[in-house]
Amino acid sequence: MASWSLGTKRFLEEEEWLTLKMLFPFFFEYKYRFIFAIACVGIIQLINVATPWLLGSIVDSLDISLHQALAIPLLLLGSYVFIRFLVVAVRELQMAVFGMVTVRATKNLSLKLLSHLHGLDLEYHLSRKTGGLTRDMDRGINAITGLIQLFSLQMLGMAMGFFFVIGIFLAWFDWRYALIVSVCVVIYAVYTVKITQWRTPIIRASNDAHSRAHTRAVDSLINHENVKYFGNEQLEQDLYYDELNIWERARARNRYSLAALNVGQSFVVHLGLLGMLLIACNAIVSGDLSLGKLVALNGYAIQVFGPLNSLGSMYRRLKQAFTDVENMLTMLLRQPRVSSDPNALPLPSGEGPIEFKDVHFSYRPDRPILRGITFTVHPNERVALVGPSGAGKSTIARLLFRFYDTDAGEIRVNGSNIKHVDLDSLRSAFGVVPQDTTLFNDTLEQNIRYGRADATPEEIAKVVRMAHLNNLIDQLPMGLDTVVGERGLKLSGGEKQRVAIARTMLKNPSFLLFDEATSSLDTATESSVMHAIDEVSVGRTSLIIAHRLCTVIDADRIVVLENGRVAETGSHEQLLDLGGIYFRLWKLQHKEITHEEALRKFSVT
């Protein structure tokens, strides 16, 4: 038993056993269909074993006498044809029943994978390329379907057929046939495993090259505007061509190694077949074997060596599937760095306060971003965060939404530390209008409804008015049914920001967070969007992250950040009177001091 276990562990790597363990729940979720399919496999193999015996009996009966040629062979012929038809019928029934197992398992796995990816932290998605990620998903899911069929139907059926034929050789023929077949199977299997293990890095290199080429193409298409702006169509084609060349060379090595594997396997099979035929011919000459038994023996040899040829193909597909599923398995095994505690309670109701208490944070240990941030946003208060680029403004928004956890200090909302609050309830309490709003390639209505899927038409109309989208919708021939294009490219920056405001208000959050929501807009558009922001934030606890100071002069309080610390706090007038960092930023943005003076004053920051 120990040696068998060792052999199977060499046959499959530890990661591959882990993949199979992951598959088991998907198998047994439909256990009755699974059991039925396995029973069908057994029935098919039993019928297959009877087929050569019937064909040999037909040949022997034709040799007995002409008087029986019209009776016995007809009965045997009828039986032979019927059981061959029965194999087809049972196999089709098996595939029809078991087909739903693979479809549903694939569906459930796809849903699980998407859910898991949505649950991973922001850092994971920022470090991955979309083209490669989707390619790994597709390849992995297709590989899982292949694994289910290989293990549950093909490999199991081949094993059953092998043991049935070995039993027949021992019971009705010469034990030497069983020995030859067994030795050939062992040699064939060992050779296949060894050569395929040698080929696995070659297959992996081919997959990696294909993923890189696919990613290059997707990135080029996603950034097609930049390609046009710089006239770099030929550069993109050249880069794609280079990646395809790498993939071509990897595929060539894959093909040559496959040819070596196929030749070696064929040699083993034909050598075993030669040994069986030599013994059989000698038995016929000595009269120990009839022509009918020779036909049956040949049929059984084909039943063993035919699937044995498939063993090489199946093992290659098996290793290919495991190689394909590697990246997907890595995704599923990755755990989010930020998650809810098992005993986390929902966020207490209320509209504040939001408290940052001596918060420290860094994306990398050698580059601290926040160095002891402390401030409070009181209920129904509008607080603005301003400061030079790199001061940590957007990082504060990410920490508040728990995309990351603080290194030290704590963030409290409604009196509760957000690390101890259910993550879904925390994020549902905040509505965010980001700097760069991305929309789905769907209608305006569906993009607004994304804030709350069950919203009524009246509620959508209300938030459309609040976000000042009426004029845009009235000008569009399709109105709310207008498709906005991929990432909302058919809308202007200001229009996309208004859509973001509308769907955020439809969510009806307790807190509003505006993360430089107008920084990429022109002055006129910025003014109209800020007017909409001012209206929707009245009476709500709001945190406004801004680069342009003119957009936050009406805030109840302004917190000025510098080098990851709170440098100043106060109203617009108070900060101007203070004559510090805020005053210099204000003067710089309004060009009331010379460029040289601004550089001199900011040389220390």
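Q: How do you know how far apart in sequence the contacts of this chain reach?
A: Take the contacts (heavy atoms within 4.5 Å) between residues at least 6 apart in sequence: 78% of them join residues at least 24 apart. Keep in mind that this is a predicted model, where local features need pLDDT of at least 70, side-chain atom pairs count only at pLDDT 80 or more, and totals for chains, interfaces and linings use all residues. Residues are numbered from 1 along each chain as its sequence is written, and side-chain values use heavy atoms, with hydrogens and water left out.

Q: What makes up the secondary structure of the chain?
A: You'll find 20 helices and 10 strands. Both are DSSP runs numbered from the N terminus (helices are H or I with at least four residues, strands are E with at least two).

Q: What makes six strands an open sheet, and in which order do they come?
A: The order is β6-β7-β8-β3-β9-β10, with mixed pairing. Two strands pair if DSSP finds at least two bridges between them. At the edges are β6 (430-433) and β10 (565-570), each pairing on one side only. On average, neighbouring strands here are turned by 20 degrees against each other, direction ignored. (Axes are lines fitted to C-alpha atoms, for helices over the stretch in contact, and angles run from 0 to 180 degrees between N-to-C directions.)

Q: Which helices pack on the sheet, touching β6 and β7?
A: Two to look for are α11 and α16. Helix α11 (residues 393-400) touches β3 (382-386), β6, β7 (511-515), β8 (541-545) and β9, and its direction makes about 140 degrees with that of β8. Helix α16 (residues 493-507) touches β6 and β7, making about 175 degrees with the direction of β6.

Q: How do you know that β9 pairs with β10, and in which sense do they run?
A: Count the bridges: five join β9 (residues 557-562) to β10, and the two run antiparallel. That clears the cut-off for pairing, so they are a pair. In β10, Val566 is the bridge partner of Leu561, while Thr569 stands opposite Val559.

Q: In what sense do β3 and β9 pair?
A: In the parallel sense, over four bridges. Val559 in β9 is the bridge partner of Leu385.

Q: What makes β9 a mostly covered strand?
A: Six of its six residues are buried. In a regular strand the side chains alternate between the two faces of the sheet. For β9, Arg557, Val559 and Leu561 are on one side, with Ile558, Val560 and Glu562 on the other, and both faces are covered.

Q: Why is the contact between Arg364 and Asp366 called a salt bridge?
A: Their closest N and O atoms are 2.7 Å apart. The rule asks for a side-chain nitrogen of Lys or Arg within 4 Å of a carboxyl oxygen of Asp or Glu, so this pair qualifies. By this rule there are 10 salt bridges. Glu410 and Arg412 make another, at 3.1 Å. As for cover, Asp366 has 55% relative accessible area, so it's exposed, whereas Glu410, at 24%, is partly exposed.

Q: Which residues are linked in a network of salt bridges?
A: Arg452, Asp454 and Glu459. Within it, the side chains of Glu459 and Arg452 meet at 3.1 Å, N to O. Glu459, at 29% relative accessibility, counts as partly exposed, and so does Arg452, at 27%.

Technical notes
Buried < 20%, exposed > 50% of the residue type's maximum accessible area, 1.4 Å probe, protein only.
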